[in-house]
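Here are my notes on this one, as numbered points. Have the model open while you read.

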Amino acid sequence: MAAPIRLRLSAGTAGAPWRRLWSSQARDPAGPPPPSEVVDVAALLNDASVGSSPRHRPSSRPSPQATSVLLFPGQGSQVVGMGRALLQYPGVRTLYDVAGRALGYDLLQLSLQGPSKELERTVRCQPALYVVSLAALEALRHQRPEVIETCVAAAGFSVGEFAALVFAGALEFEEGLHVVKVRAEAMEEAAAAIPSGMLSVLGRPQSQYKAACLDAQEHCRTLGIKQPVCEVANYLFPDCRVISGHLEALQFLQKNSSRYHFKRARMLPVSGGFHTCLMEPALEPLAQVLKKIDIKRPLVSVHSNVDGNKYMHAKHIRQLLVKQVVSPVKWEQTMHAIYERRKGIEFPQTIEVGPGRQLGAILKNCNLKAWKAYSHVTVMEEDKEEKAPEA
């Protein structure tokens with residue numbers, strides 16, 4: 001087995017409290033030597049590390065608009081062709097090579113060529129999003145190194161949290177990939193046990209989400225489903241929720257959407273009722289693999305999906321990454337936690353690091369002023385870049 005690559009962050013200058021360093025270290029000393037391109041890429045990336053030059057050291061605390069926030073997308077943002085625009089940057093192909101060896105299949109080929117049905121499978125989609133987001137981060141470091149250097153906060157949507165934690169130095173690339181693989185396999189297995197899914201709902205101020213879920217549960221009971229699940233799984237922005245649960249419950253809500261004042265109810269391209277108790281079988285495998293890896297305190301604030309608050313230490317990260325699987329993603333609350341400020345205080349630059357612009361569209365609906373400083377990393381060919389969803 002070829003030597004793995006580990007993606008790390010370590011303390012740097014005052015202007016960059018985290019620096020991205022790559023190293024190639026073999027875990028199996030009896031294995032073959034690492035391919036020469038790994039060493040070359042490591043050198044290239046080390047040379048490109050930001051914050052090592054004295055000119056980047058600020059003389060005082062930077063103004064808010066001179067800082068940045070990085071957002072990492074989650075499942076549902078995948079699209080065939082993602083990553084093609086990133087292949088020009090040093091290290092990206094090696095990231096995919098290492099991931100392919102760890103996963104046992106050609107992740108780059110799947111990401112670029114599909115088929116889309118295979119890419120949408122949880123067991124494929126989550127590792128693909130993890131790797132393409134970190135590849136996009138590498139591109140960002142070459143395009144705009146200052147936003148890496150001045151980052152004050154990061155957040156990831158569901159599986160995107162793992163990329164955010166790698167960026168913040170809490171996880172190494174290869175170990176993070178292994179955890180994502182175990183998580184995806186466990187979640188897909190749990191999803192296969194019960195027909196379930198997720199329904200994106202665009203509502204109105206008078207929309208009745210709780211009543212709708214209770215009625216959908218009751219409908220399921222009339223069909224003989226003994227313990228029906230139907231509940232809000234994602235809080236996206238005011239009047240927009242994702243409801244997760246038994247497929248029959250979601251179909252009931254689609255059919256009766258006007259009764260609950262929903263403007264739109266649309267099924268998401270995911271394979272299960274994620275972020276509900278339907279995912280309880282996935283908890284133990286995830287908890288066990290998290291116990292076996294080294295987790296460090298993040299060197300930049302990373303906000304948890306569970307409550308919107310910052311991760312504090314390794315034990316906190318282990319606990320909440322497990323809890324997240326069966327808890328709603330409180331993204332709207334996270335956006336308020338990151339961007340809340342006194343009147344007149346400027347907003348940081350916000351960069352979406354990964355495929356699509358869904359998180360940008362959500363930010364626009366949560367905080368229009370913050371969104372005005374938003375941009376995203378292009379991960380597809382320009383003429384095929386995915387448009388932002390209507391929201």
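Helices (H or I, at least four residues) and strands (E, at least two) are DSSP runs, numbered from the N terminus. This is a predicted model, where local features need pLDDT of at least 70, side-chain atom pairs count only at pLDDT 80 or more, and totals for chains, interfaces and linings use all residues. Residues are numbered from 1 along each chain as its sequence is written, and side-chain values use heavy atoms, with hydrogens and water left out.

1. Start with Pro115, which sits in the loop between helix 3 (107-113) and helix 4 (116-120). For background, most peptide bonds are trans, and most residues other than glycine have a negative phi.

2. Next, Asp239. This residue is not a glycine, yet its phi is positive, about 70 degrees. Look for Asp239 in the loop that links strand 6 (230-237) and strand 7 (240-246). Its relative accessibility is 25%, so Asp239 counts as partly exposed (buried is under 20% relative accessible area, exposed over 50%, partly exposed in between; 1.4 Å probe, protein chains only).

3. His261 also has a positive phi, near 65 degrees. You'll find His261 in the loop between helix 10 (247-255) and strand 8 (264-267). With a relative accessible area of 31%, His261 is partly exposed.

4. Last, is Ser133 buried or exposed? Ser133 is buried, at a relative accessible area of 1%, and belongs to helix 5 (residues 122-143). Leaving aside residues up to four places away in sequence, Ser133 touches Phe72, Pro73, Ala163, Val353, Gly354 and Pro355 (contact means heavy atoms within 4.5 Å).
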